[in-house]
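Please keep the sequence and the model in view while reading.

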Amino acid sequence: MIAPEKPSNESARLAAVYEYKLIDTLPESDFDNITSIIAAMFDIPMSLITLLDADRNFLKSHFGVPFNEAPRDLSFCGHAIMSEDDIFIIEDSRKDERFHDNPIVKEHQAIFYAGVPLMNPEGFPLGTLCVFDTKPRQLTALQKQVLIAMAKQVVNLFELRKRNNELRETKEQLNIQNENLKHFAGHVSHDMKMPLANMIVTTDILKKKYKNVLDAKGIEYLDYLKQSSFTLSDYISGLLDHYESDKLGGELESFDLNLLLEEIVDLLNINIDCEINFPETNEELFCNRAALEQVFLNLIGNSLKYNDKEKIVITIACKRGEAHLEFKISDNGIGIPQDKQKEIFNLFSTVGNLDRNGNRGNGIGLSTVQKLITKLGGTISLESELGKGTTFNFTIAL
């Protein structure tokens, strides 16, 4: 026998083979389906999809053969990838000096061979789609066309597998970077909270201790410093809530809706004229209580802040559907401009309106709300009219 030569660009060819990450992988139905179809169509006992490694022929799919690799020096496929023809055919290996005493011929009766090199888009032969028979034979022109066409389909599957691997690796890298960013944002936000609190307290001390020394402009500057510190503190708290929302797991518990709403109203410590109407029919819920609490805190808090009426009216409704609970939170606030409504749930997207204290929103809260509602298996939308109010409609999965 004569061992197959190696291509002059063997190093580059091997690098191309390894890019597909198929060597030493388990059988897959996509490839096994092709070899079994070829065997049936050709009425032939053996059909293989091979990848030529440095010193072995790895069989990614092996129909009619009890092993999944063989020495490259003994392989017919090693000769096939060196051929300049579209298909490499040995009608009777016993009469060919390259194969007549090959152990594969003697031990497995590999008399007939036809193999099509699996050429990747860069022109490297990765291996072959091939067939063996235990007796001499010839292929018809149609069979040759089919084998060549199916070899191209095998390469398409290789390429799809490669792209999927690349996408998965990119996704994993993005997830790692995202986690690092969240950790950084959380760490920085926590570290900034205390200095800001100190700034607010120090501002109050300065005003009280030096009120007889400072003129009106000085007092105004201190008030501005205090208000700016509160604004930055709210921004940081929003960031922390946004990133902490990812840590709210899937813990489910039973609880009373109206009791939850009463606790939220207490937490908000409302000191302005406000009427909050709870759902007419109370509901016993079974879901992630912490996540739903964050949603209500944010939406009711927005209804309180972005309201210019002497008396604030907030109405909360709840209706049980087949697969979801449907909520409405309506207010008589300042409303959201039509051109801002589609992007209002994007992170850092702001309307530009001032709240009751003269501050602008930071564009974090509603993005956090949407993320939490998605975790709860629901969706959120809004209806709003400037000067009249806003209604948020959202669902959670039952």
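In this predicted model, strand E11 (residues 324-331) and strand E13 (residues 389-397) run antiparallel and are joined by seven bridges. In general, strands of a sheet pair through backbone hydrogen bonds, in either a parallel or an antiparallel manner.

The pairing of E11 with E13 belongs to an open sheet of five strands, whose order is E8-E10-E11-E13-E12. The pairing within this sheet is mixed. Its edges are formed by strand E8 (274-277) and strand E12 (380-385), each of which pairs on one side only. On average, and with direction ignored, neighbouring strands of the sheet are turned by 10 degrees against each other.

Attention now passes to a pair of helices. Helix H8 spans residues 289-305 and helix H9 spans residues 365-375; their axes come within 9 Å and cross at roughly 150 degrees. Because angles over 145 degrees count as roughly antiparallel, H8 is roughly antiparallel to H9. The crossing of these two helices is left-handed.

Which residues of H8 and H9 meet? On the H8 side they are Ala291, Gln294, Val295, Asn298, Leu299 and Asn302, and on the H9 side Gly365, Leu366, Val369, Leu372 and Ile373. Sorted by class, the contact of H8 with H9 comprises seven nonpolar and four polar residues, with no charged residues.

Note on methods:
Residues are numbered from 1 along each chain as its sequence is written. This is a predicted model: local features need pLDDT of at least 70, side-chain atom pairs count only at pLDDT 80 or more; totals for chains, interfaces and linings use all residues. Side-chain values use heavy atoms; hydrogens and water are left out. Axes are lines fitted to C-alpha atoms, for helices over the stretch in contact, and angles run from 0 to 180 degrees between N-to-C directions. Helices (H or I, at least four residues) and strands (E, at least two) are DSSP runs, numbered from the N terminus. Angles under 35 degrees count as roughly parallel, over 145 as roughly antiparallel, 65 to 115 as roughly perpendicular and the rest as oblique. A crossing is left-handed if the near helix is turned anticlockwise from the far one by less than a right angle, and right-handed if clockwise. Contact means heavy atoms within 4.5 Å. Ala, Val, Leu, Ile, Met, Phe, Trp, Tyr, Cys and Pro count as nonpolar, Asp, Glu, Lys and Arg as charged, and the others, Gly among them, as polar. Two strands pair if DSSP finds at least two bridges between them.
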